[in-house]
Amino acid sequence: MTWDHFIFFAIPSVLLWTVASAWALRRPKKTLPALFTVLGLGVFFSFILGMWISLERPPLRTMGETRLWYSFFLPVAGLITYQRWGYKWILSFSTILSAVFIVVNIAKPDIHNKVLMPALQSPWFAPHVIIYMFSYAILGAVTLVALYYLFREEKLQDKERIMDMTDNLVYVGVAFVTMGMLMGAIWAKEAWGHYWSWDPKETWAAATWLGYLVYIHYRLLKTSKNKTSMTILLLAFMLLQVCWYGVNYLPSARGRSVHTYSVR
Amino acid sequence: MNKDARRIWEKPWSYTEGFIVAGGIALTGLLLQLLLGNIRPADFRSPVNTTVGALLVAGLLCCHFLLRDNHVVRWLSGARSTVPAMLVVLLSIVILGLTPQFTIHEPQEHLPNNIFSRMGWYRMTTSWAFVLLCFYILVILGLTVLRKTRKSQSWRLIGFYLNHLGLFFALGGGLLGSGDMQRYTMTVVEGNTEWRAHDALGNLKELPVAIELDTFIIEEYPPKLVVIDNRTGKILPVNRPGSYMFEGLGKPTQLNGNTIEVLEYIPQAAVVRDSAFTSVVPMLMDGAATALKVRVTNPSLKAPVEGWVSNGSYLFPYQVLYIDETSSVAMPVQEVKKYTSQVTVFTEAGHRKKANIEVNKPLSIEDWIIYQYSYDEKMGKYSKTSVFELVRDPWLPVVYTGIFMLLAGALFLFIAGPKKNRKS
């Protein structure tokens, strides 16, 4: 399995997810959308699995590989949200977002090779990155909800319902960001001798985490304003972008981060 | 709403006071920074840190029990002080992320000579402002937890306690423990025993732990082939450098428009060049290089090009194969798959342990953790030297207690979700 086969898995997956999304929008019953989403996920995951086997290591090292997991976890997050809270539009959301990342990967695939440097050979590698990608997927969805709210505030009927929804999603997202970060800390202790070294990636991970905690604590008060809450979410997501790939371009972080694994 | 009628510092305090207090703490830190320079963690080693920790906890308990109705104490245990404090800390973390950071051990002359340098921004984590803000967060966390114990308890509060106490332990343990942390690097040659190690400043110190290096083994990935630009040495095509990892004979591959086939593989070779030609023969000795004989064809070549390619070693130079005037086939240095030190470790107290130490597989003995750190990179896979890092962090159990509480708290957050109908 190589990157060249990606398109043959990606297109059927996106089609299945699209059917699921359309169904969820029209009909109240949750069974069929769930079934189609799971089928699409199955097709998509078989590509990931194929890459895993042919690379002889989990495909989690390069940016392209993490995008692959991100595209996978968006529909997963969408499905969980759909099942748990019944937001019927969430599957359309996650499908579109996932498709965007799939297109990026088709247009600009990474160089793939089997090399996995010793620091990455750890049982913490897969859970650390996978949990982070899952949380990014959820927080990406929250960001879109926030944007939707900010652009349409005047016309919205049931604002409290949307606020409840962002709360729900942020709590799930923060739970996973926390787990991903702390697993990273435990791993860092095992690999580099210290659980926290303020490496640029760690610094921005802390900033991201704190950004979402500000939202949670701000929302605890009855006096909180919806618009401010949603703006906090947008700013927090910008911190997340810096943490995810922005650090690769930051002059302050260049050549200093131990979190750079895309070898040329 | 009569909110607008409230003046600053009038009870009950709100966000405005929160920003003033957090900003005031940052400003105090800044003044201390200008007066005293950075905090040296070593000055806070035991018993200073334990005293500070005990005073902090005692102070929090006193505030809680003696000043329970004081409006400042109540304000400190609520969101109106927390949110501004978080935002000010967040701001300093963003500054930390945007400025290049230097360790406390680097001489001051290496830092940029500007106002930010005097403000401590290039060594943010040991600057007074940053550390004081962290303590402020600890105070808020402590008082918030204590205050919650007065409320009627419910199962939902399990998550609250795990998260807030967990962070209190992890942050407090990390902050206070940094003074007691010891890190040394120790270089050991195969067959020798070593107990002297260097600290970050390069001072040699005798440790209560000795390492005997029995053997040191490096495993490498298979060799790779690339096509490079003869002029620049850059891997082609420049926008998406391609490489081929050798997988066995008789499998042609495409690189930058060339078909490359490996004809012969000698994992341990002597590569001898004179003015006329290159001879490559097997050599089962240290210093042998990896060599591949390849055949290159492409539409613009009249006849295939054939020859040896090698990445060299400390004994032999590398060898490239010219395809034409512009490009060549080359073999980059092989990537390391794994390096292992087989060691016997002794301690002053009389413990003895035999183990294999690898990256990601450190060895714990008494309160020391021994890490595989490096090797003699000039010698590559023939290195007879292994470098270890020895770390002692007596506060680790406190930090780990916090981390595991936070992990459980995160799981709780995921399952329980936010409190419903808080606004109605």
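Predicted model: local features only at pLDDT ≥ 70, side-chain atom pairs only at ≥ 80, totals over all residues.
Residues are numbered from 1 along each chain as its sequence is written, chains are lettered from A and ligands numbered from 1 in the order in which they are written, and side-chain values use heavy atoms, with hydrogens and water left out.

The interface was examined at the level of residues and of area. Contact, defined as heavy atoms within 4.5 Å, links 62 residues of chain B with 59 residues of chain A. The size of an interface is often given as the accessible area lost when the parts come together. Chains B and A bury about 5,500 Å² between them, with 67% of it on carbon and sulfur atoms; buried area here is the accessible area (1.4 Å probe) that two parts lose on being put together, summed over both. Eleven residue pairs, both at pLDDT 80 or more, are in polar contact between the two chains. A polar contact is a pair of N or O atoms within 3.5 Å; within protein, one must be able to donate a hydrogen and the other to accept it, and residues adjacent in sequence count only if both atoms are side-chain atoms.

On the side of chain B that touches chain A, the elements giving two or more residues are α4 (79–98), α7 (157–177), β13 (336–347), β16 (368–375), β17 (385–392) and α8 (396–416). Helices (H or I, at least four residues) and strands (E, at least two) are DSSP runs, numbered from the N terminus. The largest share of this side, 13 residues, comes from α4(B).

Over all chains, the structure holds 15 salt bridges. In one of them, the side chains of B:D214 and B:K354 meet at 3.6 Å, N to O. B:D214 lies in strand β3 (residues 204–220) and B:K354 in strand β14 (residues 352–358) of chain B, so the pair ties together parts that are 140 residues apart in sequence.

Chain B also contains particular backbone features. A cis peptide bond joins B:K11 and B:P12, with omega about -10 degrees, and B:P12 is placed in the segment before α1 (15–36) of chain B. Another cis peptide bond joins B:L236 and B:P237, with omega about -15 degrees; B:P237 lies in the loop between β4 (224–229) and β5 (244–245).

Technical notes. Salt bridge = Lys/Arg side-chain N within 4 Å of Asp/Glu carboxyl O.
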